[in-house]
Amino acid sequence: MRSFTFISASALALSATPTLGQSTPPTIDRPTECAATTGDCSVVDQSGTDGKVTVSQQGGGNAAGVDQSGDRGNVEVTQDGSNNTALVNQAGSGTNPVPDYGDGYLSQVAIIDQEGTGNRARIDQNDENAAGAAFPRSGQGMSNSDSYAGIWQDGQNNTAAIEQSGFYQIAYVEQIDGASGNVSTTAQTGSYQYATTRQTGAGNDSSITQSDGGAGPGLSGGVGNNVYDESEEFAAGVDQSGDRNVSEIGQSGQSNFAMVDQEGNDNRSEITQSGVGSTAIVAQYSNDNLSTINQRGTGVHTATVTQGAPGGGN
């Protein structure tokens, strides 16, 4: 099996107690086969049964590396612009076939869609054969998903990395048109996880980590709508629309929910949850705010922080 340069789980995962600060962008290297290629380059290695890979690249200097093993994996890589890099590594076997974003079950779905220049994205999934939640992409239904991860980036020099292991892992990163130099890192283990990140502006940094959780009901949410179901084992979301904002979320335990909305500049938010059934909501609308929330123990905690007025930043 071909090997691409991926970050290990230990290197990507965050501490359960995050430390605020601009993180180092994860290393996402081009496949070695693409080193001497000036045009677009695709390297695909498939094993197992019924794997599907679709790569479409335009521009020049784009590189895509896909390493797919197990059964019924589905990868879609679309890159426009130039000098973008996309890496996908999937392992494990799905118990159900993968449809074309219609009805039915999903297993090991990975989508990377990049436009602009110099964007880098990486997805690493390890499926555990469980049908799970529903999560539509851009209005298209993706039902009964396990592992599904999606990254699409516009602008330039954005970096996103997702690592998922175990059951219903759903992760979504969108760094919006015109965004520049944003960093998003998501690591999930266990079951019934859900994470989402949306960032606009420049120099924003978002990190989400979620560890083991027990069984829970299914999840549905709309892309771009920031919809979270608080009954889930883990749900975490970040929406940053200014510049140089930093958000870090660390969750362990069960049934915790965290959401961060930062619209100004130079805001910092840290949320740590280690108990059961806690809720933390942070909204920072002006500039240079700091919020730190630490929830632990067996009680059902709720914390809501609002700083500044909508439209007060930038």
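Which two residues form a disulfide, with their sulfur atoms 2.0 Å apart? The answer is in point 1, and the other points walk through the rest of the fold.

This is a predicted model, in which local features need pLDDT of at least 70 and side-chain atom pairs count only at pLDDT 80 or more, while totals for chains, interfaces and linings use all residues. Residues are numbered from 1 along each chain as its sequence is written, and side-chain values use heavy atoms, with hydrogens and water left out.

1. **The disulfide.** Cys34 and Cys41 are the pair, with a sulfur-to-sulfur distance of 2.0 Å. The structure holds 1 disulfide, a term that stands for a pair of cysteine sulfur atoms within 2.5 Å. The angle about the S-S bond is -75°, and the link of Cys34 and Cys41 is left-handed. Both cysteines, Cys34 and Cys41, are buried; buried is used for under 20% relative accessible area, exposed for over 50%, and partly exposed for values in between (1.4 Å probe, protein chains only).

2. **The sheet.** Here 10 strands make up an open sheet with parallel pairing, in the order E1-E3-E5-E8-E11-E13-E15-E17-E19-E21. At its edges are E1 and strand E21 (290-295), each of which pairs on one side only. From one strand to the next, the twist averages 0°. For the terms: strands (E, at least two residues) and helices (H or I, at least four) are DSSP runs numbered from the N terminus, and two strands pair if DSSP finds at least two bridges between them.

3. **Strand E13 and its partners.** Strand E13 (residues 183-188) is largely enclosed by the rest of the structure, because 6 of its 6 residues are buried. Both of its faces are covered: Val183, Thr185 and Ala187 are buried on one side, and Ser184, Thr186 and Gln188 on the other. E11 runs parallel to E13 and is joined to it by 6 bridges; there Glu163 has Ala187 of E13 as its bridge partner. E13 and E15 also run parallel, joined by 6 bridges, and Thr186 has Ile208 of E15 as its bridge partner.

4. **From E15 to E17.** Strand E15 (residues 205-210) pairs with E17 in the parallel sense, over 6 bridges.

5. The structure holds 5 salt bridges, each being a side-chain nitrogen of Lys or Arg within 4 Å of a carboxyl oxygen of Asp or Glu. One of them joins Glu163 to Arg122, with the closest N and O atoms 3.2 Å apart. This pair links distant parts of the chain: Glu163 is in strand E11 (residues 159-165) and Arg122 in strand E8 (residues 120-126), 41 residues apart. Arg122 also forms a salt bridge with Asp124, where the closest N and O atoms are 3.4 Å apart. How buried are these residues? Arg122 counts as buried because its relative accessibility is 0%, Glu163 is buried with a relative accessible area of 12%, and Asp124 is buried along with Arg122.

6. **A salt bridge between loops.** The side chains of Asp266 and Arg244 meet in a salt bridge (2.8 Å, N to O). Asp266 lies in the loop between strand E18 (256-262) and strand E19 (268-273), and Arg244 in the loop between strand E16 (234-240) and strand E17 (246-251), so the pair ties together parts that are 22 residues apart in sequence. Asp266 is partly exposed, with a relative accessible area of 31%, and Arg244 is partly exposed at 44% relative accessibility. Returning to the residues of point 5, salt bridges that share partners join Arg122, Asp124 and Glu163 into one network.

7. **Thr85 in E5.** Strand E5 (residues 85-91) contains Thr85. Is Thr85 buried or exposed? Thr85 counts as buried, because its relative accessibility is 1%. Leaving aside neighbours within four places in sequence, Thr85 is in contact (heavy atoms within 4.5 Å) with Ile28, Asp29, Arg30, Ala63, Gln79, Gln114, Asn119, Arg120 and Ala121.

8. **Asp45 in E1.** Strand E1 (residues 41-46) is where Asp45 is found. Asp45 counts as buried at 16% relative accessibility. Asp45 and Val66 are 21 residues apart along the chain, and their C-alpha atoms are separated by 6.2 Å.

Definitions and conventions: Axes are lines fitted to C-alpha atoms, for helices over the stretch in contact, and angles run from 0 to 180 degrees between N-to-C directions.
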